[in-house]
Amino acid sequence: MQDDVLQNALDYLLLVKSKLEAQKLTLDNQLNGINHAIEALGGDQKFQDNSGIVGKTINIELNQVNDDTLKYNKDGFLTDKFLYVLSREKRFLHFREAAECIIEIENIVGDKVALVKDLASKISSATTFLKKKGTIVKIRPTNKNQDTFWGRPEWLDENGKILEGYYYDKKRLYSNKTTTHRI
């Protein structure tokens, strides 16, 4: 009995550690993005994760630093890979579509249908905290769960309608398909 309690405590701590490592990686990616943006603007200030800011002050608006400055990390967490793909595609995506992008970026070979299905399922699970935090939002143009697309909240207007340029690919709607084999 005591061994079970200890094992449960250990499992919980490992889960917390994993989540903290994911947050650190996200912050490191953001710092890298800010540093790349500063360099692109001709600045020499560097942000560091251990000591704050060093170097000269540069006047930079944080909204000038966007997701384009972030790099894809093949060894990174699935949540970061998903956010990268969203930023790269700049539109609402189906999890299967995001999975296809990740498979393409990482040059993963194998049975495409099986790979996409498996990775899409993992993306759905991995992005749970992004959904809860409101980092990503869903839209469902039909009443079918399969027709759910994910994007950034800023891609919606105040009425929850998709802003111009961020529309999902209508060919991805399951309700438009007539076959049972889908990717």
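Phe-82, Phe-95 and Trp-150 are joined into a cluster by ring pairs. Keep in mind that this is a predicted model.

**Helix 2 against helix 3**
- Helix 2 (residues 78-89) packs with helix 3 (residues 95-105) at about 95°, and their axes sit 10 Å apart.
- On the helix 2 side, the contact uses Leu-78, Lys-81, Phe-82, Tyr-84, Val-85, Arg-88 and Glu-89.
- Helix 3 brings Phe-95, Ala-98, Cys-101, Ile-102 and Ile-105.
- Sorted by type, the contact residues come out as nine nonpolar, three charged and no polar.
- Phe-82 and Phe-95 both belong to this contact, and both also turn up in the ring cluster with Trp-150.

**Phe-149 with Tyr-168**
- These two rings have centres 4.5 Å apart and planes at 25°, so they count as stacked.
- The pair links distant parts of the chain, 19 residues apart: Phe-149 is in strand 4 (residues 149-151), while Tyr-168 is in the segment after strand 4.
- Phe-149 is buried at 0% relative accessibility, and Tyr-168 is buried too at 13%.

**Trp-155 with Tyr-166**
- Here the ring centres are 4.9 Å apart with planes at 10°, which makes this pair stacked as well.
- Trp-155 and Tyr-166 each lie in the segment after strand 4, so the pair ties together parts 11 residues apart in sequence.
- Trp-155 is buried, with a relative accessible area of 7%, whereas Tyr-166 is partly exposed at 26%.

Note on methods. Residues are numbered from 1 along each chain as its sequence is written. This is a predicted model: local features need pLDDT of at least 70, side-chain atom pairs count only at pLDDT 80 or more; totals for chains, interfaces and linings use all residues. Side-chain values use heavy atoms; hydrogens and water are left out. Axes are lines fitted to C-alpha atoms, for helices over the stretch in contact, and angles run from 0 to 180 degrees between N-to-C directions. Helices (H or I, at least four residues) and strands (E, at least two) are DSSP runs, numbered from the N terminus. Contact means heavy atoms within 4.5 Å. Ala, Val, Leu, Ile, Met, Phe, Trp, Tyr, Cys and Pro count as nonpolar, Asp, Glu, Lys and Arg as charged, and the others, Gly among them, as polar. Rings of Phe, Tyr and Trp (its six-membered ring) pair if their centres lie within 6.5 Å; planes under 30 degrees apart count as stacked, over 60 as edge-to-face and the rest as tilted. Buried means under 20% relative accessible area, exposed over 50%, partly exposed in between (1.4 Å probe, protein chains only).
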